[in-house]
Amino acid sequence: MEVEGSSKKMIATQEEMVQAKVPLAYRDQCAHLLIPLNKCRQSDFYLPWKCEDERHVYEKCEYELVMERLLKMQKIREQEDKIKQQKKQGIPLIPNTANV
């Protein structure tokens, strides 16, 4: 399964996420990292100093997804600004050919 517009591919399948009881809000391209993190957390009674490696890898993946979305949104806003500027300019009163 692939998410449109994202550079990361979905690795975890829907069945794996259902079996691991991953909440719907967390079923993104980083879910394959969340599954072992949650297993580690449960086995170590959610102690904050345990499972640090798994947590950092998962958080880095989520950070990269957010940054990718921010860059994409910035490009969309820049395109919208260009369109707005073109509409504001309208039809020139003196055509460019008159200055030749």
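**Figure 1. Handedness of the disulfide of Cys 30 and Cys 61 in the predicted model.** The torsion about the S-S bond of Cys 30 and Cys 61 is about -85°, so this disulfide is left-handed. Because Cys 30 sits in the loop between helix H1 (14–19) and helix H2 (31–43), whereas Cys 61 belongs to helix H3 (residues 52–89), the pair ties together parts that are 31 residues apart in sequence. The S to S distance in this link is 2.0 Å. Cys 30 counts as buried at 0% relative accessibility, and Cys 61, with a relative accessible area of 5%, is buried as well.

**Figure 2. The disulfide that joins Cys 40 to Cys 51.** Here the sulfur atoms lie 1.9 Å apart, and the link, with -90° about its S-S bond, is left-handed. Cys 40 is part of helix H2 and Cys 51 lies in the loop between H2 and H3, so the parts tied together by this pair are 11 residues apart in sequence. Both Cys 40 and Cys 51 are buried. The structure holds two disulfides, and when the bonded cysteines of the protein chain are numbered in sequence order, the pairing reads 1-4, 2-3.

**Figure 3. Helix H2 and its buried residues.** The 13 residues of H2 should span 18 Å at 1.5 Å a residue, which agrees with the 18 Å between the C-alpha atoms at its ends. Ala 31, Leu 34, Ile 35, Leu 37, Asn 38 and Cys 40 are buried in this helix, and the buried residues of H2 pack against H1 and H3. An α-helix has 3.6 residues a turn, so residues three or four places apart point the same way. After H2 comes Phe 45, whose phi is positive, near 60°.

**Figure 4. The setting of these views, a protein chain with three helices and zero strands.** Along the sequence the protein chain follows the pattern α-α-α. Its radius of gyration is 23 Å, well over the 13 Å that the globule rule gives for 100 residues, so the protein chain is more spread out than a compact globule. The C-alpha trace spans about 80 × 30 × 20 Å along its principal axes. Of the 100 residues of the protein chain, 20% count as buried, while the chain exposes about 8,600 Å², of which carbon and sulfur atoms supply 57%. Among the contacts with a separation of 6 or more, 39% are accounted for by residues 24 or more positions apart.

Methods: Residues are numbered from 1 along each chain as its sequence is written. This is a predicted model: local features need pLDDT of at least 70, side-chain atom pairs count only at pLDDT 80 or more; totals for chains, interfaces and linings use all residues. Side-chain values use heavy atoms; hydrogens and water are left out. A disulfide is a pair of cysteine sulfur atoms within 2.5 Å. Helices (H or I, at least four residues) and strands (E, at least two) are DSSP runs, numbered from the N terminus. Buried means under 20% relative accessible area, exposed over 50%, partly exposed in between (1.4 Å probe, protein chains only). The expected span of a helix is 1.5 Å times one less than its number of residues. Contact means heavy atoms within 4.5 Å. The radius of gyration is taken over C-alpha atoms; the globule rule is 2.2 Å times the number of residues to the power 0.38. Accessible areas come from the Shrake-Rupley method with a 1.4 Å probe; for residues, only the protein chains shown count as cover.
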